[in-house]
Structure formats: structure tokens, C-alpha cells
Amino acid sequence: MYEAIGAGGLESISYDIAADVAQIVAGSPGGAAAAERIVAAAGLRARQPLDAASALHAETLFDGVQLLLLEAEGVPPDLLEPLLIRLGAMAEARGIPLLATVTPEQIDAAIGLLPHSAMVQCAPSDVDRLGAILSLRREPIARLHDGMRDQETMRMRRFHEEVARIADSLSRLTRSELPERSATVRNESMAFRMDGGSETVETDAAEIRRVIRARRMRADYFEGDLFADPAWDMLLDLYAAELEHRQISVSSLCIAAAVPPTTALRWIGTLNEAGLFDRKADTTDRRRAYIALSELARRGMERYIAAVKRAGLSLV
């Protein structure tokens with residue numbers, strides 16, 4: 001049921017439009033209630049929520065469903081892995097969007113076991129939940145008045161534009177600007193070569209960690225939202241980890257981002273799509289996935305750091 005505001009806001013007109021159907025799988029009554037509330041706000045119709053055990057054996061789980069929501073908090077540990085595997089495989093096979101809300105302890109298992117097409121959130125706000133559902137809907141239904149959707153659309157557009165800007169900046173640092181020369185920085189006055197025999201600028205993990213620590217100290221003097229830059233913090237953390245020959249799990253990278261977990265997960269997914277991150281499965285434990293810099297991002301970081309040092313500037 002949808003409501004359109006009449007002229008001058010003095011009357012309203014209600015009319016029916018066939019709504020998409022969402023299936024909720026929840027580990028607790030509270031999770032089911034939260035999902036039902038947001039599903040209704042998004043203009044979808046929710047089926048009767050299922051618990052984990054029922055979802056593992058339901059034969060008609062996906063029949064007539066356009067969206068699947070998993071509220072993993074409260075799912076028994078022995079059921080979490082098979083549930084993630086079944087829901088992920090079936091959603092991917094049928095092309096049904098899957099939104100999984102997990103606890104911090106469940107992040108690695110969810111990222112490791114769910115397909116890349118699934119969207120994973122952790123401790124999301126209602127706005128985060130609503131925005132995720134709206135972005136996952138394959139055929140949004142037009143509404144006469146939908147200010148929240150317009151606002152969320154603009155927010156997601158700015159988010160993707162920022163990621164595209166970062167990817168483009170790093171790409172410029174890795175590709176050749178002139179056909180006859182090897183890759184250079186954009187500023188010709190600071191051009192340098194990275195191939196064999198050329199002079200290089202050394203850095204180490206301790207130096208990168210000092211930069212990260214200095215960035216964190218800003219929160220002691222200014223509100224954190226003024227400097228919300230999780231993409232760069234994650235790039236720095238992954239670069240330092242690479243210099244230390246360490247692997248970084250998804251949950252650890254979320255902590256390094258110093259933003260809410262759902263925001264960090266959204267950035268990780270988008271930076272992976274932009275070609276800056278590589279997601280790698282743990283060969284010894286499929287419930288865990290690692291994130292590493294892609295070759296594009298790694299070379300971009302090397303060239304950026306060298307260019308800054310050659311200019312006599314400090315890393316920030």
C-alpha cells in the first residue's frame with residue numbers, strides 16, 4: 001500500500017502496487033522484527049520469518065522471493081556455516097539479492113562463505129539497512145513521493161564517485177603518461193622510474209604505522225566525522241601489512257578503517273570492485289578471507305610515497 005500526498009498536503013490518496021517479496025531468516029526475534037520494519041519501510045512485503053534450522057531445510061525458501069535478508073545474530077554457531085553456504089549458493093544460483101547482517105565475530109565467516117554478490121553489514125543503522133535494500137532491488141518501483149530514496153541515491157552516488165576518484169588517482173600513478181617512457185607520476189617535475197637499476201625511495205612498515213597513528217590522533221582534538229577517510233586508512237594499513245609480510249582479515253581491516261563496521265564493509269566491497277583490493281580465501285580455513293592490495297594499488301602506493309619524499313614532504 002502506497003500513499004501519495006495531495007495538493008497542499010490536505011489529503012492523501014492510497015493505492016495498491018504489487019510489492020516485491022522479501023524472505024527473512026533470523027537468529028533471534030529482535031533481528032526478525034528489525035528486518036520486518038525496514039522491509040516495510042522499503043515498500044516490500046515480508047514473508048513469515050524463518051529461524052536458521054527451518055531455513056536449512058525449507059524446500060520453497062526462494063519461491064516467489066525477490067530479496068533475501070539474513071539476520072545472523074543469534075544463529076547457533078554450529079548452524080552458521082551451513083546456513084551461510086546454503087543461502088549464498090541458492091541466492092547466487094537464482095540471481096536473488098542477499099543482504100546479510102552479522103555480528104563483528106561473524107564478519108570473516110560471512111565474507112569467506114558468501115558469494116561476492118552478497119552484501120554484508122555489521123551493526124547497521126536503520127538508514128544503512130534501508131539504503132542497502134533499496135540498492136539491492138533489481139527493479140525499483142516508482143513512487144510519487146520518496147524523499148528517503150532520493151537522499152540515499154545521492155549518498156551512494158557520492159560514495160561511488162569518491163571511490164572512482166581514488167582508483168583513478170592511483171591508476172595515473174601506475175600507467176605511463178608518455179608512450180616512450182616507463183610509468184611516471186603525473187607531475188613531470190617529479191618523474192621517476194621504477195624499473196631495474198633506477199634510484200628508489202625506501203620506506204618501511206614502521207613509517208607507515210606512524211602515519212596511521214598520527215591520523216588517529218586527530219580524533220583527540222576534532223570530531224572524527226570531519227576526517228572520515230576510510231579508503232585511505234585501509235590502503236595505508238594494507239600497505240604496512242604487506243611490508244610486514246602479514247595477511248589482513250576482513251574483520252581486522254574493518255577495525256583499521258576506524259569507521260562503523262557497515263561503512264567499512266561497504267568501502268571494502270567497492271574498492272574491491274574498483275580493482276584496488278584483492279579478496280583471497282584462506283586455504284586452511286574457508287570461513288576466513290583476507291584482503292590485500294591489488295598490483296594496481298601497490299604500485300600506486302609505491303609511486304605516491306616516492307613522489308612525496310622526493311618533493312621533501314611528509315606522508316599524511
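A residue is called buried when its relative accessible area is under 20%, and exposed when that area is over 50%. The model considered here is a predicted one. In it, E71 has a relative accessibility of 6% and therefore counts as buried. R129, with a relative accessible area of 12%, is buried as well. These residues form a salt bridge with each other, in which the closest N and O atoms are 2.6 Å apart. Because E71 belongs to strand β5 (residues 67-71) and R129 to helix α5 (residues 126-136), the pair ties together parts that are 58 residues apart in sequence.

Side chains of opposite charge can pair when their charged atoms come close. A search of the whole structure finds 15 salt bridges. One of them joins the side chains of R286 and E81, at 2.9 Å from N to O. This pair links distant parts of the chain, 205 residues apart: R286 is in the loop between β9 (277-281) and β10 (289-293), and E81 is in helix α3 (residues 77-94). R286 counts as exposed, at 52% relative accessibility, whereas E81 is partly exposed, at 23%.

A further salt bridge connects E244 with R209, their closest N and O atoms lying 3.0 Å apart. Here the loop between α8 and β8, which holds E244, is linked to helix α7 (residues 205-217), which holds R209. Through shared partners, salt bridges join R209, D237, E244 and R246 into one network.

The loop between α8 and β8 (248-249) also contains H245. Most residues other than glycine have a negative phi. The phi of H245, however, is positive, near 60 degrees, and this residue counts as exposed at 75% relative accessibility. A positive phi of about 60 degrees is likewise found at A258, which is not a glycine. A258 lies in the loop between α9 (250-257) and α10 (261-273) and is partly exposed, at 48% relative accessibility.

Attention may now turn to the interior. In soluble globular proteins, nonpolar side chains tend to be buried together. The largest nonpolar core of this model has 64 residues, and L83, V250 and F277 have the most contacts inside it. Helix α8 (residues 230-243) gives the most to this core, with 9 residues. Beyond its neighbours within four places in sequence, L83 is in contact with V25, A52, A55, L56, L70 and V75. Another core, of 17 residues, lies apart from the largest one and includes L67, L130, A132 and L136.

Technical notes. Residues are numbered from 1 along each chain as its sequence is written. This is a predicted model: local features need pLDDT of at least 70, side-chain atom pairs count only at pLDDT 80 or more; totals for chains, interfaces and linings use all residues. Side-chain values use heavy atoms; hydrogens and water are left out. A nonpolar core is a set of buried Ala, Val, Leu, Ile, Met, Phe, Trp, Tyr and Cys residues joined through side-chain atoms within 4.5 Å. Buried means under 20% relative accessible area, exposed over 50%, partly exposed in between (1.4 Å probe, protein chains only). Helices (H or I, at least four residues) and strands (E, at least two) are DSSP runs, numbered from the N terminus. Contact means heavy atoms within 4.5 Å. A salt bridge is a side-chain nitrogen of Lys or Arg within 4 Å of a carboxyl oxygen of Asp or Glu.
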